[in-house]
Structure formats: C-alpha cells, structure tokens
Amino acid sequence: MEPDGNLGKHGLEGDEELQFLLQGGELTKVKSDSWQKKRLYRLQEDCETMWHESNKFFKKCNTFSIDDIDSVRQGRGSEGLMKYTDDSLEECCFSIIFKGKRKNLDLMASSPEEAKLWVSGLEKVITHMDNLNSQQKSEHWIISCMRKADKNGDNRMTLKELKHFLRQINIEVDDTHATMLFEKCDTSRSGTLEGDEIKEFYELLTYREEIEVIYGKYALTEDQMSAADLLKFLKTEQMESWSLEDAENFIEKYERDQTAKQKKHLTKDGFLRYFSQKEGSIFNPVHQPVYQDMSQPLNHYFISSSHNTYLMEDQLKGPSSTEAYIRALSKGCRCVELDIWDGPDGEPLIYHGHTLTSRVLFKDVIKAIRDYAFKASEYPVILSLENHCSVEQQKLMAHYMISILGSALLTQPLGNGMPSALPSPQELKRRILVKGKRLNKLDAAFNNNNTADVDSVSEEDEAAEVKENDQKTKPKKSKIKLAKELSDLVIYCKSVHFNSFEHAKEKQAFYEMASFKESKAKHLAENSASAFVHHNMDKLSRIYPAGSRTDSSNYNPVPMWNAGCQIVALNFQTPCKQMDLNQGRFLPNGKCGYILKPEFMRNPDFRFDPNNLTKGPWLRRKTLHIMVISAQQLPKLNKDKPKSIVDPLVRVEICGVAADRASQQTPHINNNGFNPTWNKNFQFIINVPELAMVRFEVEDYDTASANDFIGQYALPFTSMQYGYRRVPLLTKSGGIIPSAGLFVHIMALDN
C-alpha cells in the first residue's frame, strides 16, 4: 500500500471521463427562478471529494464526499429543475441526489455533451467507490485521514501530525504511547515518518489480535493457510458446506500475493480480505438476490409500504414533494400513499389535509411513479388513494393515471374469467395497482360493468382522525361522491370498512381490504392475534400510523408482521429504529419489497398465535450465542471538536414474538472508536426463528445525557451466517458507513 496512494483512482487511471472530472468546469447551480448562478466544480486528486466554488464568506467547507452521493439523475428529474428550468434545457440538466436529508444539488451544463460527461463520470466514480470492499474502503479512509493530518503536504509525518491523525481516526492515546509508536517506526531517526516508516506505522496501527489468533490456529502449512486449512476453518468455524475446489477458487479470487496464490495458499492479508467480502459478512449472500417463491397470492407476502409518502418531513408544515416518492420507490417500497384534494384551476393536488404542508400536483406525482416504480424492483406497486376530490377532478385523476402510466396500470383483472384469489407478484411484475373505493363488485368487470356514473361512498380521511381522538362520541364517516372512471381502476385492492373477523369471513371478498389505524391493529394483534393471522391468510390488511403522530414518528411494525399484516405502512421520511427494522425485514430477497410469509401464516390448517406459543411448525427453539468481539473505524460524531473521541458500546436486540424480545449490551470503552475490543458473550432464546430479527446498535456512551447513535444493522435471524462474521454499520437514514463495522461470532444451537 502506497502511503500517499489514491485508491479512488485505482483501476481508473487514464480514464477520459475521470480526467474531465479532475479538470472540472463551470456549471449553473439552480435554486429558484431568480437564483441561478455559475459555479466551478471539480473532482479532487483523491478521487473521493468534490470541490465547488462558493461565495459564502463564512462557509467552512467547499467540498462534499463522493460517499455522500446516493445517485446522479440525468435531465430535469428533480422537482427544482422541473419548476425552474425550461423544457428545452432537458438534456443540459442533471441533479446530484445526496444520502439522508441533504437537499438535491440541481445543476445545468453549457451543452448536452458536457452534461453527459459530468453524469457518466460521476456515476463511474460512485460505482467504483461502491465496488471497493470494506478493507479497501478502510485503507482509503485511513490514507485520507493521513493526508489531512499532513498539514504541509510534504508526505512526511511529524509527531505533532501523528497525534492529530490519531484523533482524526477516533482514537485517543496518551503522549507517552504516541511517542513510543512514533520512535518505533522512525528507524531513520529523522524526527519524521516517511515512505516505509509510514507503511510500518500503518501496519502497527491496523494490527488485529483477534484475526492473528484465528489465522494462527488454522495456518498450519508453512505458516500460511493451504486450501485444505481454509476448508477446515470454513467447515469447523463458519458452518459452511464448501468443497476443496470452492476453497481453491476463493484463494484464486482474493489472494493478492502471487507466490502464495501459486501454492494455493491464503496469507493473513487474504484471510482478512475474506471478512470484507460478502462471503465473510453476517448477511447470507444466498438471500441477496430474489430467492423466494414469487408465485403465491399477493396476500401471502409482507409488502414494504409507506405512509404519507408525499411528505419530506413532519405532517403539520413540512414540504410535500415528488422527490419523496422517488426516494421511497428507490428503497424498494411497493405501496405508496396519495392524499388527493381539489386544487385550483381544476388540477388535483397532493398534500396532508387540515395542515400547512406544501402541495404538489397529482399529475407530477404520477409521472414520478411512472419513471421510478420499477428501478429498484420489478414487482408490483400499489397506489393507496385517499380521495377527497370532486367528481370532476376524480375524472381527471383517472385520465392522468391511464394516460401517464399506460400499459403498466392494471385496469382489468388478469385472465378471462372472474378470479377467486389474488394474483401473485410474479404475475403482476411491472404492473401498478390502485387501492381505493369501488362502486360495484369486481365481477362487474366481466358483465358490461353496469353501474351508475356517480354514487356516494364513505370518505377515508386519516388526517382527520387526530381530531376524532379528542371527541367522546365518534363522528359519522362523511360521504363523498365517487366517479365511475376512478372506481373502475380499483381491481384487486377495494377499500372496505372492517367490522369484525366473523363479518369479514362471511361477507368480505378476496379483493376487498381494510385499513387499520395503529391503535386498532395493536388491540387486535394483542387480543385476537390468531384470528388476525387467519384473516390475513386470504385478505390484505393495511396498517397506518395514528393521526396524532404529527412529527411523522413511527409505531413498532413487528407486532403487525407477527399478526400476518402485509401492508404495514411507515413514515419513510423519518429515520428511527422502526425504519431500521423495516429496512432489515426487506433486506433479503433482492430488496424487492416482497417477503414471503412463513408457511404457518399462509396455511389455514395451522392455528398460530404469536402471543401464546403452542406446539407447531413455528416452534423451533434455538439458543443464539453472539460474541461481540471488536469494532473497526467508527465515525467521529463531533467533527468540529478535534479532541472529541467516542466511547462506544454495542447493544444487541432480538425483535420478534413477545417471548423472544430481548436486549443486552457491552460495557463502554473509553476514547477508542478506531479499534475497540469487548470479547463479550451474549445468549438469547429464540422460539420462533422465522419471525425473529437481530439488530446491532453502536452508541457513544454519555454519563450526563442519552447516548448518541453511531450506527446500526438489522437483519432476519434466518438470513444470518454463523461463525466469525463482519457486521456492516448503517447511518440513521439507512446508508452504509463505508469503513465502519463490527466483528462478531455467531452460533445457534437447537434446543
């Protein structure tokens, strides 16, 4: 490893598009009709940071990291560019979309050719960064910190610069230890570290005793691991069913030392590299693509679902935006909500009723859904309509959906005859379904659809329920006239009122579905769980947050999934533990937004009750042993304070049926976010593995106030790999923290 090397460039040397970015150029930054200013933009030499010109006097940092970019969107694909630029400039425009809550950067190049160079160049650098494994990202991060610590840029490191560097990488050492480290590496006695001395310092710093011990135990061939040694490690420790050929292929793929590779040996560096690959991750790579049966009826799946999808922030005065739909769909969300009201000039609008949230045109949202519905997943998208419009604007809504969505919009049941069950995600690939009120039964679609052009139905108004909660007597549901044109677009998701499970069993058709506010769903999940599970075996249920959650907070989705509810709608715009669990739930199966429910939640012969566990195929009791060994390169939380170092602790939590819920944590370690070590063992009893989730959370301990969040990772118990594993860490908003991770040992034994 070159101490001043650019890993960001590695593999892209001489690339024309990279050279274009490094040279940089002038772009027009677009903020509004009146604020459109030319600014210089340039990729820095490290190939991991973008520099931009700024006229703000107090602006400290004129750079942003490539790692902070979620995607680059060509054309007028953002709300700002749509609003503030002319159609004729479509090919000159592009947007940089950031992770988390940071606003998009809307830009305009001087020509379509230049815009394409910016977009393709940025995409190339982003893809290259994404493809670096965690070990490469770790090296990249450390080198970047070294470069920042080298204040005068002479590629040498003084003792003072070394101390600054150690604080940058989140490790506090006393002066004596820092001096000892420095003197050990300064073999030339020049008072600075350079060349091989920096390399030796890097190796001293990144030495991991736990890896040394594991490797030493199995490296029995010339102090290295032969393919047979590696196979023994994989079978004994990792519970893998690899063959000798698999082990040899792995060495061929990941070993960099050519001499070792020729002998079919794995060096310690190669062994460490194993843990940075998907094979060494806690998440089972077999579950990474779509691997489940996708031919079951729609109601047999958990479906990733968003509530108030149009909101970017809270539900009282936050902005509504097409961007919120794009972000939710890009995260694999398959059910989005549209809250539609009459707008001026006859144009229906989407916003949160009875509040001061901003408004967005219905047709613009439908266009965004058309463009982004199937980028993250090919499986069907459900549009959950909360319709408050006049008949005329409803007709316009129907017209927009038909004309904009085209053949993707489902307007007739599949097949030639009246179905008796919901179709499967496989049959509905790349189709868009409408959920809402319908004037007649579905079989009317096969017998000339004779019904009145307009009739009254009860209005769905979730936003108004916060007012209802304050009243002792429940007001009657208001009526709304429903246009036939809109009604006819509702095929498999007809909204109906829920009375009781008995009533639903006798009267509710398979294509009719009820929505439950969280308090009602919680009551049913706690007191009638078995009946709820059975109801959801042949019906769809949608759960939504209480109207009183004006801050867009979320309820716990786990009890709803335990009751078999499919459409458990959450506020995607709010980073929180509940969204962490949602992201973890839909992590497997290609992140496609559909997870097949366990068979005992699909087969009516079973009587599963998550609150009262009896013998059955769900009861597969296991003892889960988790050893939290160490963490690597946790991020500094307070970058403005150079001497601020984290005091990390790790919490491990089991989320599942009531009997499985548990949480344990390590002690905190003072002043070490770089390579803290715990070697702490935890034991959990898991009764229903198919519904259990495991969540790791790393916090910065604080004696005076609540601990600060550092990172987390959640995944289903059934998607975990055993043995020694690396756990990646995610930010609050669900993005990967490039160089950070936990090192753990996992074992589950049948009871």
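Predicted model: local features only at pLDDT ≥ 70, side-chain atom pairs only at ≥ 80, totals over all residues.
Which residues in α9 meet which residues in α10? Residues are numbered from 1 along each chain as its sequence is written, and side-chain values use heavy atoms, with hydrogens and water left out.

**Figure 1. Packing of helix α9 against helix α10.** Ala227, Ala228, Leu230 and Leu231 in α9 meet Leu244, Ala247, Glu248, Phe250 and Ile251 in α10 (contact means heavy atoms within 4.5 Å). By class, this contact has 8 nonpolar, no polar and 1 charged residues; Ala, Val, Leu, Ile, Met, Phe, Trp, Tyr, Cys and Pro count as nonpolar, Asp, Glu, Lys and Arg as charged, and the others, Gly among them, as polar. Helix α9 (residues 227-236) and helix α10 (residues 244-254) pack at an angle of about 110 degrees, with their axes 9 Å apart. The two helices are therefore roughly perpendicular to each other (65 to 115 degrees). Helices are DSSP runs (H or I, at least four residues) and strands likewise (E, at least two), numbered from the N terminus.

**Figure 2. The aromatic pair Phe233 and Phe271.** The structure holds 29 aromatic pairs (ring centres of Phe, Tyr and Trp, the last by its six-membered ring, within 6.5 Å). The ring centres of Phe233 and Phe271 are 5.1 Å apart and their planes at 75 degrees, so the pair is edge-to-face (planes over 60 degrees apart). Phe233 lies in helix α9 and Phe271 in helix α12 (residues 268-274), so the pair ties together parts that are 38 residues apart in sequence. Phe233 is buried at 0% relative accessible area (buried means under 20%, exposed over 50%, partly exposed in between, with a 1.4 Å probe and protein chains only). Phe271 also counts as buried, at 0% relative accessibility.

**Figure 3. The aromatic pair Trp561 and Phe586.** With ring centres 6.3 Å apart and planes at 80 degrees, Trp561 and Phe586 form a pair that is edge-to-face. Trp561 belongs to helix α21 (residues 558-562) and Phe586 to the loop between α22 and β22, 25 residues apart. Both Trp561 and Phe586 are buried.

Figure 4. Most residues other than glycine have a negative phi.

Notes
Axes fitted to C-alpha atoms, helices over the stretch in contact; angles between N-to-C directions. Parallel < 35°, antiparallel > 145°, perpendicular 65-115°, else oblique. Phe/Tyr/Trp six-rings, centres within 6.5 Å; stacked < 30°, edge-to-face > 60°.
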